[in-house]
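Welcome! Take a look at the sequence and the model, then read on.

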Amino acid sequence: MSDTHYYHGLAKSMMFTIILVSFAPLLCIVLIAGYQYSVVYEEKVEAHLRELVLKHDQSVDSYLEEKVAEIQVLAEIIELGRLHDPASLQALHDALVRGHGSDFVDLGLVNSEGIQVAYAGPYKLQGVDYSEEEWFKAARERKVHVSDVGLGLRGVPHFTIALRLDENGQEWVLRTTLDFISFNKLVEDIRIGETGLAYIINRLAEFQTTPRRDMTAEVPFLRQMAASMTGRSDMVRGRAAIAVETNPATGRETLFVTSPIKNGDWIMVYQQDAADAFSDLNRSRNLALVVLLLGGISIAVMAYLMSKRMARKVARADAAKDIMNEQVIEAGKLASVGELAAGIAHEINNPVAIMVEEAGWIQDLLEEGLGEDDNEREVQRALNQIRTQGGRCKEITHKLLSFARKIDPTVKSVCLNELVLEIVLLSEQRAKYANVIIETSLGDSIPPVEASPSEMQQVFLNLVNNAIDAMDPGGGNLDIMTRVEDDTVVVSIADTGCGIPQANLSRIFDPFFTTKPVGKGTGLGLSIIYGIINKMDGTISVNSALDQGTKFTIRLPVAEGEDGGACDFRTNEHGAS
Amino acid sequence: MPANILLVDDEQGFVDTMAKRLDNRGLTVTTAYSGQEGVDALAANHSIDVVIMDVKMPGMDGNEALKVVKAEYPLVEVIMLTGHATVESAIEGMKSGAFDYMMKPCDLDELLEKVEEAYDKKQAQETKILEARARHIVLRRGD
């Protein structure tokens, strides 16, 4: 029963199963591992950046501290008087230059009114009024002040360290300008990836170093960020904060690592495009996705091809099995015909033997001469007997012929009562020799069923033969009954033979199962019957008790579209044969 | 051949005609239509020499009857008659002590030959028994 629909469905379900089973773990692994990996990687990148920023801001802070300390030491050691003197101030400055290179650009002493009274340095700033300068004002309040970066009077970016000196009730401010370039370099060369850059801003988001690219567009944003950092607990030195925000200037997601320096006056900012920072991660993520996609496609394609192939194989196997089944049924048919032939041949032998004897007797009588005794009458009698026996032969061959005619397996409407009687007739002789009495109770007007006559013959013949075998040679009763139940025709074949043990009952319909000695039974009879009945949408069941008998019950659906009268048959009670 | 024959077969027509033909040829014939009848006939008539018996019979079949005959009347010879399908049974019969077997339908002359052989064998055996008895008596008398 090859059904293309069924095989398509089979292929489809196989394909989906394969895909599901292959994909589920794959996806799980990719998702879980991918997620874990990216989380860890991001953490590592951020930690790395933080460390980096921290390191740099530590170096910036120590740079500033060092410079401040230097000036402080100087201020303590040198007396104020000497600082007034331009020449000695110059000498001091030279010493500083010798020791620190161009870091200390100039040195100056400012009085309490803000006038620079002494100056040593490359610019002409002697006598300049710094009273309005922020650092001057700040220095009045705090002892040490580091100013923001500004252009100042010299027009060049620089920043100032101002140190207040108290002497004799008078306030003086020792100031020194720090070289911006080398300071800038400390920060500028933090460069990671393509878009990473670092800079220092003050609280008002004014740049203290020159970033590598133009950042004017980001200033408002930075101001906001700086403002939001006020009062945060991590404004403590040694902690760098990291945030991922959308940079309004570039529109891209950007990583901001911020760290306060110079006691919180300044903020070291490191920023990098998130895409850039995590470029490696993104690359591997994309790679994984590509692999997943390719793998997925190839899985799907393979699954499709494989399942189609499997379904085809199954279809072929099923077809082969069907053919095999047909062949087995054919073989079974031939086997039962063979058995039948042997029985029929024996049956014919008897009348033939009688005919031969009578013919011989007639010859004997003719030798004596017809005139003698009763010979003429005897000859007449013998000839009649020959005719009678010839008639018997004819009946027997007709029986066989009608059996043989039904070899054709096409399904037709079959009247079961007729078939039962035919089989009973065929089996009469055998039953006689086995001392078995066959009785039939055939219901009136049993409707026909859709069946192949030759196959039904095989079914009944097989069951009757089995029953006789079970009772040979002790003898017994074989009862065949037919009746109608709703839409079903029920046929039962019951014997009083040796019965079937409980253990075997479930196996009797298995192919090659037989309890007959080797050579006597193939074990195929009942399995063939089972197949035939199932093919017709019928059922066969068995009841048995050891040493009491066995009863087989067959249920077949009534043929559709036929009126019940099509099989009206006189029910003959076939008595003992 | 003054042989005394018992014919056992369930086909009455066959048995009766065969009996007539054998009778015509000078044999004494008794008929039985079943294994049991045959055994009973033997019990009633101890002068039966040869039994011609069909193998396939309802009730007690040929082989069973043969065993009974051989058990109770070992000197009586039995010839089995068989149709094609039952040659194996005839061979079984030979193993159980049947003299020979023939296929039905059988040629009467052939059958008569076999009957003669069987009859001769029985006669020879019976003669040997008589002689042995005679010798025994002579020896006992001490002459």
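## A walk through chains B and A

In chain B, 60% of the contacts between residues at least 6 apart in sequence join residues at least 24 apart. Please keep in mind that this is a predicted model.

Let us stay with chain B for a moment. Its secondary structure comprises five helices and five strands, and from the N terminus on the elements follow the order β-α-β-α-β-α-β-α-β-α. Chain B has 143 residues, and 39% of them are buried.

Now for chain A, where we can begin with a sheet. Strands of a sheet pair through backbone hydrogen bonds, and the pairing can be parallel or antiparallel. In chain A, four strands make an open sheet with antiparallel pairing, in the order β6-β9-β8-β7. At its edges lie β6 (197-202) and β7 (241-246) of chain A, each of which pairs on one side only. From one strand to the next, the twist averages 30°.

How many bridges join β6(A) to β9(A)? There are six, and these two strands run antiparallel, with β9 of chain A covering residues 266-273. Along this pairing, A:Leu197 stands opposite A:Gln271 in β9(A). Helix α1 of chain A (residues 4-77) packs on the sheet and touches β6, β7, β8 (253-261) and β9 of chain A. The direction of α1(A) makes about 35° with that of β8(A).

Next come the helix pairs. Two packed helices are described by the angle between their axes and the distance between the axes.

| Helix pair | Angle | Distance between axes |
|---|---|---|
| α1(A) and α8(A) (residues 279-368) | about 165° | 8 Å |
| α8(A) and α13(A) (residues 525-535) | about 125° | 10 Å |

With an angle of about 165°, α1(A) is roughly antiparallel to α8(A), because angles over 145 degrees count as such. Their crossing is right-handed. The residues in the contact of α1(A) with α8(A) comprise 23 nonpolar, six polar and three charged.

What about the other pair? α8(A) and α13(A) are oblique to each other, and α8(A) passes α13(A) in a left-handed crossing. Here A:Asn325, A:Val328, A:Ile329 and A:Gly332 of α8(A) meet A:Gly525, A:Ile528, A:Gly531 and A:Ile532 of α13(A). By class, this contact of α8(A) with α13(A) has four nonpolar residues, four polar residues and no charged ones.

Definitions and conventions:
Residues are numbered from 1 along each chain as its sequence is written. Chains are lettered from A and ligands numbered from 1 in the order in which they are written. This is a predicted model: local features need pLDDT of at least 70, side-chain atom pairs count only at pLDDT 80 or more; totals for chains, interfaces and linings use all residues. A residue is buried if 20 or more other C-beta atoms lie within 10 Å of its own, exposed if 12 or fewer, and partly exposed in between; C-beta atoms are placed from the backbone. Two residues are in contact if their C-beta atoms, placed from the backbone, lie within 7 Å. Two strands pair if DSSP finds at least two bridges between them. Axes are lines fitted to C-alpha atoms, for helices over the stretch in contact, and angles run from 0 to 180 degrees between N-to-C directions. Angles under 35 degrees count as roughly parallel, over 145 as roughly antiparallel, 65 to 115 as roughly perpendicular and the rest as oblique. A crossing is left-handed if the near helix is turned anticlockwise from the far one by less than a right angle, and right-handed if clockwise. Ala, Val, Leu, Ile, Met, Phe, Trp, Tyr, Cys and Pro count as nonpolar, Asp, Glu, Lys and Arg as charged, and the others, Gly among them, as polar.
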